Each structure stands twice: as C-alpha cells, then as structure tokens.
Amino acid sequence: MPNFLRDRNPSTRVFIAFIDFLIEKGLIILNQSLTYSSYKHHNALKCLVVITSSGVISFVSEGWDGRVSDRESTSECDILDLLEQSDSVMADKGFTISDLVAKRQCALNIPSFRGIKDKFSTAEVFQTQEIVQLRIHVERSIERDKNFHIPELSTKIFQTCCWLTNLDVLLVQNDINDL
C-alpha cells in the first residue's frame with residue numbers, strides 16, 4: 001500500500017467504480033429497453049471494476065445492461081464476499097451499498113453529498129476532499145482502460161485490456177519524501 005494511503009486511510013482495501021460504454025441502439029425494441037441508461041440518457045454497457053489500494057485492477061465484472069443499478073450489479077457479482085471484517089471500500093457517492101458492506105462488518109467511504117440548500121460541516125468538507133484525492137487514482141486507471149476504444153467489442157476483451165494495464169508503469173509510487 002502506498003504511504004500516502006496508509007497514512008490517510010489505512011483500512012481501505014479496494015476502490016470500486018463502474019465503467020460505462022455507450023453503445024449503438026439495437027434494432028430489437030427489447031434490447032433497446034434493456035440497455036438504455038436513464039443516467040447516461042443513452043444505450044450503454046457497464047462493467048464493475050475493482051482496483052486495489054496500490055492501483056492494480058483486481059476484478060472486472062461481466063458486462064451489465066445499462067439499466068441495471070449499481071447496487072444490483074455489485075451485489076450480483078459477489079465481489080463483496082471477498083471483503084474481510086473491518087475492511088473499507090471506497091466508491092463514488094452514487095453507490096448505495098452501505099448496508100451490503102455493513103453486513104460484512106466493513107465500511108463504505110463515499111464523498112458526502114447534500115441538497116442545494118444544505119451546507120457541509122467542516123469535517124465533511126475535509127473528509128470529502130480526502131476521498132476525492134484518493135479516488136483520482138481510480139479515475140486515472142479507468143481512463144487508461146478506456147483509451148483502448150473498444151466499447152463495441154466483447155467484455156472478455158475489455159477484461160483482458162484491464163489486466164494489461166497492470167503491466168504499465170505504476171500509477172501510485174512511493175515518493176522519496178514519504179519514506
């Protein structure tokens with residue numbers, strides 16, 4: 001685990017995120033309705049990606065239809081069964097899986113969010129900034145994977161591309177000043 005993460009959030013075991021691929025609208029109406037994402041306002045395929053605290057992609061799910069919720073697909077792929085007691089999972093605020101993680105006696109770290117008129121407390125601002133600083137590595141990893149430009153290909157090829165990015169230069173390196 002990189003020093004900056006060990007110091008800030010030592011219980012974080014994995015970061016989870018979804019990668020959405022916009023796909024062409026199918027000719028069959030049923031397929032159109034199955035793949036339509038109301039969030040993206042487009043037909044989409046999505047995969048759950050799990051990234052370790054050192055920046056290595058450790059799991060890529062099968063492709064899910066765009067209309068399947070993040071909660072449903074996270075639950076169905078059984079990735080949460082790999083968590084150990086007191087682990088922490090970091091995710092975007094859209095992941096409504098805190099109860100699923102709590103059943104395994106683990107924690108879910110997501111940025112705080114409020115309504116437009118509500119204000120954050122000082123502690124919530126600092127916690128959100130910390131989570132965002134750590135999640136940037138997840139976004140960088142996802143961006144590397146998307147650079148393969150393969151949304152029209154099968155999930156298996158995408159999974160292979162994700163594994164190949166693990167062979168690239170490390171995303172997170174210990175700084176000499178951290179030692």
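The following chat goes through a predicted model of one chain, from its overall make-up to single residues.

User: What is the mean pLDDT of the chain?
Analyst: The mean pLDDT (the predictor's confidence in each residue, from 0 to 100) is 77, and 80% of the residues reach 70 or more. This is a predicted model in which local features need pLDDT of at least 70 and side-chain atom pairs count only at pLDDT 80 or more, while totals for chains, interfaces and linings use all residues. Residues are numbered from 1 along each chain as its sequence is written, and side-chain values use heavy atoms, with hydrogens and water left out.

User: Where is confidence lowest, and where highest?
Analyst: The lowest mean, 54, belongs to helix α1 (residues 3-8), and the highest, 91, to α4.

User: How many helices and strands does the chain have?
Analyst: There are six helices and seven strands. Helices (H or I, at least four residues) and strands (E, at least two) are DSSP runs, numbered from the N terminus. Along the sequence their pattern is α-β-α-β-β-β-β-α-β-α-β-α-α.

User: What share of the residues is buried?
Analyst: Of the 179 residues, 40% count as buried. Buried means under 20% relative accessible area, exposed over 50%, and partly exposed in between (1.4 Å probe, protein chains only).

User: And what share of the contacts joins residues at least 24 apart?
Analyst: The share is 56%, taken among contacts between residues at least 6 apart in sequence; contact means heavy atoms within 4.5 Å.

User: Turning to the rings, how many aromatic pairs are there?
Analyst: The structure holds one. Phe-18 and Phe-95 are stacked, at 5.6 Å centre to centre and 15 degrees between the planes. Rings of Phe, Tyr and Trp (its six-membered ring) pair if their centres lie within 6.5 Å; planes under 30 degrees apart count as stacked, over 60 as edge-to-face and the rest as tilted.

User: Which parts of the chain does that pair tie together?
Analyst: Phe-18 lies in strand β1 (residues 12-22) and Phe-95 in the loop between β6 (88-90) and α4 (98-102), so the pair ties together parts that are 77 residues apart in sequence.

User: Are Phe-18 and Phe-95 buried or exposed?
Analyst: Both Phe-18 and Phe-95 are buried.

User: What lies over the face of Phe-18?
Analyst: Lys-46 does, at 5.0 Å from the ring centre. A charge sits over a ring if NZ of Lys or CZ of Arg is within 6 Å of the ring centre and within 35 degrees of the ring normal.

User: New topic: where is Ser-61?
Analyst: Ser-61 is in the loop between β4 (57-60) and β5 (64-65). Its relative accessible area is 2%, so Ser-61 is buried.

User: What is Ser-61 in contact with?
Analyst: Leaving aside neighbours within four places in sequence, Ser-61 is in contact with Cys-47, Leu-48, Cys-77, Thr-155 and Gln-159. A polar atom of the Ser-61 side chain lies 2.8 Å from the backbone nitrogen of Leu-48.

User: Which residues of helix α6 are buried?
Analyst: In α6 (residues 155-165), the buried residues are Thr-155, Phe-158, Gln-159, Cys-161, Cys-162 and Thr-165. They cover an arc of only 160 degrees around the axis, which puts them on the same side of α6. The arc is that of the directions from the helix axis to the C-beta atoms.

User: Now the backbone: what is phi of Asp-78?
Analyst: Phi of Asp-78 is near 65 degrees, a positive value in a residue other than glycine. Most residues other than glycine have a negative phi. Asp-78 is in the loop between α3 (70-76) and β6, and at 45% relative accessibility Asp-78 counts as partly exposed.

User: And what about phi of Ser-86?
Analyst: Ser-86 also is not a glycine, and its phi is positive, about 75 degrees. Ser-86 is found in the loop between α3 and β6 and is exposed, with a relative accessible area of 54%.

How values were computed. A polar contact is a pair of N or O atoms within 3.5 Å; within protein, one must be able to donate a hydrogen and the other to accept it, and residues adjacent in sequence count only if both atoms are side-chain atoms.
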